[in-house]
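Hi,

Here is the structure I said I'd pass on. Have a look at it first, and then read on for my notes.

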Amino acid sequence: QLQLVESGGGLVQPGGSLRLSCAISGFTLDYYAIGWFRQAPGKEREGVACISSSGGSTNYADSVKGRFTISRDNAKNTFFLQMNSLKPEDTAVYYCAAERLGGCPSIFRSWGQGTQVTVSS
């Protein structure tokens, strides 16, 4: 059974930082592109960041570019989202996702259940 589990969410003040982790079981991460998404209340789900299976290329939403960094540790079947300079508008449920594809895909089919990030003073 495939499983993706997010962790690292919580409450942080504006300007602060958090690092989200996604641990994978049931398959090896080596051949999967991975991504982070988020959904705020009343808003559409938004793609945040993606990294290719090799780690050689990354994509970021304009809203997070320069503040967030996606990375992966294939040996540990874990990938991360480092979030710096957090803003209240970053408040959302964050989801990790994986797809067996070299480059970042348009659609991900394997998803975690989400972790809440709240940015508030």
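Predicted model: local features only at pLDDT ≥ 70, side-chain atom pairs only at ≥ 80, totals over all residues.

Below is what turned up, starting with the disulfides and ending with a few loop residues.

**Disulfides**

The count comes to two disulfides. Cys22 and Cys96 make one of them, with their sulfur atoms 2.0 Å apart. That pair links distant parts of the chain: Cys22 sits in strand E3 and Cys96 in strand E9, 74 residues apart. The link of Cys22 and Cys96 is right-handed, with 55° about the S-S bond. Cys22 is buried at 0% relative accessibility, and Cys96 is buried with a relative accessible area of 0%.

Cys50 is joined to Cys104, again with S to S at 2.0 Å. Cys50 lies in strand E5 and Cys104 in the loop between E9 and strand E10 (110-111), so this pair ties together parts that are 54 residues apart in sequence. Here the link is left-handed, with -110° about the S-S bond. Cys50 counts as buried at 7% relative accessibility, while Cys104 is partly exposed at 26%. If you number the bonded cysteines in sequence order, the pairing is 1-3, 2-4.

**The core**

The largest nonpolar core has 29 residues, and those touching the most other members are Trp36, Val48, Phe68, Phe79, Leu81, Met83 and Tyr94. Several strands supply at least two residues each, among them E3 (18-25), E4 (33-39), E5 (46-51) and E9 (92-99).

**Loop residues**

Asn77 is buried, with a relative accessible area of 15%. Ser85, in the loop between E8 and E9, also has a positive phi of about 50° without being a glycine. Ser85 counts as partly exposed, at 39% relative accessibility.

Last one: Ser63, in the loop between strand E6 (58-60) and E7. Ser63 touches Arg38 and Glu46, not counting residues up to four places away in sequence. The Ser63 side chain makes a polar contact with the side chain of Arg38 at 3.4 Å. Ser63 is partly exposed, with a relative accessible area of 35%.

Cheers

Technical notes: Residues numbered from 1 in each chain as written. Heavy atoms only, no water. Core = buried A, V, L, I, M, F, W, Y, C linked by side-chain atoms within 4.5 Å. Buried < 20%, exposed > 50% of the residue type's maximum accessible area, 1.4 Å probe, protein only. Helix = DSSP H or I, 4+ residues; strand = E, 2+ residues; numbered from the N terminus. Contact = heavy atoms within 4.5 Å. Polar contact = N/O pair within 3.5 Å; in protein donor to acceptor, adjacent residues only side chain to side chain. Disulfide = S-S within 2.5 Å.
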